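Subject: Structure for you to look at

Hi,

Here is the structure I promised to pass on. Please open it and keep it beside you while you read my notes.

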Amino acid sequence: MNKKTIKNFNNQQPFGMHFQQPNFHQAQEGIGNLNAFYNNEQLFGLSPVQQQNIPQKAQNPQKQSSNKIKSQAQKPLIVKNQQTTQQIKQPVIQAQQQTYNIIQNQPINNQKFVKNPIQNNNLFTFKVFENENQKLLDQNKLLYQKQPKEFQSKYPFNSQENQQFWSIILNSIQCPINVFFNFTKQKLNEYENTFNQIPENQKFTDPQFKPSIEVLNNKPGQFQFKRASEIYEQFDIFDLSIEPNQIQQGILGDCYLISSIISLSEKPEMCIKLFINKNKNNKAIYGLWICESGEWTQIIIDDFLVCQNNSPCFAKSIRNGIWVQLLEKAYAKCYGGYQKIEVGYSCDSLKDLTGCPTEYIDIKNQKFENAFIQMKNVLKKGFILTVSSKIEAQDLISKHSYTIFDLKEVLNKQGKMVKMLKIKNPLGFGFQQNNTQQNDEILEQNLGEPTNQKNGIWWMSEKDFLGNFEVVTSCKIHEGYCYSSFKVQNKSFEFIRIINIKEGNHCYFSIHQKHEKYFKQDLKDNNYYYKTAKIIVCEISNGKIIDVKGGSFSNKQSTFFEFENMKKGDFLVFVEVDKIQGDFVFSQYCQFPVSVQNDFQLNVSAGNLIQIIFQEYISKINSSQEWNSVIYDEKNGNGKVIRDFGSLFGFSFISYRNQSSQIFNEDINIISNENIDLYDFDKKNQQNKKLVKLNPNEQQVVLFRILEKNNCSHALKFKGTYWFGNSNNVIKPVIKGQSNVKQISQQKR
């Protein structure tokens, strides 16, 4: 975090953020591109410059769950928690929890104690929309009339609610930057301009990704570069159809990417939307979209393919379509070369190809029956599943990615119900099944197809699956959802206003850091780590926080929070990637579009606002069983003080609620900490002590940042000496505390 940011974060003066609103022309350019997503006409267009839009770390299963902290009233109190987003007991709110990495150089508040409680009122000053004038409404109507019929039916302009929708969207910071898929006219012009600059009867050669050994990053071997027209007598981008069994990995070690492409090919329209031009052209220039680090980015390439012995040696489609080759090449260009994309995570490549959030399904630490049901439900929702093999896989290639197509529970010839999974190997060869399964005609009859099929597809039993695989990744693709994003530049945190005008909306809010492939020198480089990212979502009204909906944190490339059944109204989202060197992206993937604003003023410091968020959430939960809670009774029976100790939203915390009629004091002394930053302490003077003083009916929260090491595993141990009243002579027995969490390993696929 730079010095300016630290000053703002810790300054007790009002903290404001002001951005110029987009004008109508800018908004028109942005919203006009909604056409791409809602346009169902002719997936295989004829124009080489046809406009196109598209909607959404290692293979390491990481169950998103809270580590329960047992009460230890007379033992050192320690909070050790690998991921500690506390969830509200409501089925409509789901917080995706992941690990995170954070380092903070200065505390939010250097005071030893807060004399005046922070009040939850008049926290924000929002700009009033001035869109009700007739001129702007007329402009909105003209813009609306340019949209496809499907979009018009979804948002009829004669509805007062949807006039509000257009007004709000036009005021959103999404508009001048990137609405829904980042496919603005300006970006499309990049491909169009390049195409038009190439003389007729001349083929394009990409000057940024030349057909030379440099793009292979010194990958060993004898290679040639040949144009598609030199390899195939007849070809097109897409040949006949897109089918998973026609896709094969080559000699490049990017199985994670190819298994993701295979999975995506189950939804052909999603693959097609990645291509700006849908047919080959005489200029040999192609444009594709990659959702790079959370932003849809246009990649322009030529048609030179890497060959050995005059044949393509990297990924390909078995037929004469070159879409797989082009997609792999665009992905390699995006990240700086072919060898740069060797070894990776399918959770990353799926996000890059879809923009959609991804998560792991635990198949090691829960009953397989539960995992099997989870995977079936994922496929039932239309999501994508990939799976990665163990290092010590019994019968398959180790550390290799595969695709899961289907799951069934059927009778075998012994009359037993068996769980079967349909798998594809991107390399194109299958799995040697045991003789019992091979000769089971009843099993195949109940499956409705052979257990061994062509092109590396087979049905696998539960026993074989668990013996060979360890990581299942789900990609949450929702047909018809809208994607939008904007970049937070030159700062490590941001407060964002979300305006939702569609009751029951379903949204994913995500933070994306720049991909590690840009920073690592080679595959063995372990010197780069993702920083800690945090999301906290609050409902707001009349300048107050009225509910804290939840949050998540991680030290992965992307961190997301899922919000189901989101009601109409105003919401505040706090996003942070601490001590980041550069920018990060905040994205929204929603059933209905939402407006994103950061043109408003905070009337309190950022640090105080975070304190209020914690106070409101802790009061709402009222001492979760997952926290370590202690109750201090005032000896004269004049009430009590509740102290909660746990982890939440990327912080460890000690919370106090003084429900007595006396002043309460506690002297906190940090004994030891592991992967913890003393966020709320005077680190300038290297102080490990803090005096907390609360007046009657006052609440305070002491915060500690959880750092990035060991996937955010952390430990904190302290002792507290407390007393009631102003006198320092009445000392009560010391109450200590501690908490623990185990480490989680991570492996690449």
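**The annotated site**

C255 counts as buried, because its relative accessibility is 5%. Buried means under 20% relative accessible area, exposed means over 50%, and partly exposed lies in between (1.4 Å probe, protein chains only). Before you go on, note that this is a predicted model: local features need pLDDT of at least 70, side-chain atom pairs count only at pLDDT 80 or more, and totals for chains, interfaces and linings use all residues. Residues are numbered from 1 along each chain as its sequence is written, and side-chain values use heavy atoms, with hydrogens and water left out.

C255 is one of the positions that UniProt, in an unreviewed entry, gives as "active site"; the others are H400 and N425. UniProt positions follow the numbering used here, feature names are shortened, and annotations may be inferred rather than shown by experiment. The three positions spread over 171 residues of sequence, yet they cluster in space, with a largest C-alpha distance of 8.8 Å.

C255 sits in helix α10 (residues 255-264). Helices (H or I, at least four residues) and strands (E, at least two) are DSSP runs, numbered from the N terminus. Neighbours within four places in sequence aside, C255 is in contact with Q249, K399, H400, S401 and P426. Contact means heavy atoms within 4.5 Å. H400 lies in the loop between β12 (384-389) and β13 (401-411). H400 is buried too, at a relative accessible area of 4%.

**The cores**

A nonpolar core is a set of buried Ala, Val, Leu, Ile, Met, Phe, Trp, Tyr and Cys residues joined through side-chain atoms within 4.5 Å. The largest one has 90 residues, and W323, M375 and F465 touch the most other members. Helix α12 (residues 323-335) gives the most to this core: 9 residues. A second, separate core has 30 residues, including F124 and F493.

**A sheet of 5 strands**

Find the open sheet with the order β21-β20-β23-β18-β25; its pairing is antiparallel. Two strands pair if DSSP finds at least two bridges between them. Which strands stand at the edges? They are β21 (544-554) and β25 (595-597), each with a single partner strand, so one side of each has no neighbour in the sheet. Strands β20 (residues 533-541) and β23 (residues 569-577) pair over 8 bridges. In that pair, V537 stands opposite V573. Helix α18 (residues 606-621) packs on the sheet and touches β18 (493-500), β20, β21 and β23.

**Salt bridges**

A salt bridge is a side-chain nitrogen of Lys or Arg within 4 Å of a carboxyl oxygen of Asp or Glu. By this rule there are 21.

- E359 and K476 meet at 2.9 Å, N to O. E359 is in strand β11 (residues 358-361) and K476 in the loop between β16 (469-475) and β17 (482-488), so the pair ties together parts 117 residues apart in sequence.
- R497 and D570 form another, with their closest N and O atoms 2.6 Å apart. R497 is in strand β18 and D570 in strand β23, so this pair ties together parts 73 residues apart in sequence. R497 and D570 are both buried.
- D547 and K549 meet at 2.9 Å, N to O. Both are buried. A network of salt bridges links E539, D547, K549, K567 and K620.

Best wishes

How values were computed:
Axes fitted to C-alpha atoms, helices over the stretch in contact; angles between N-to-C directions.
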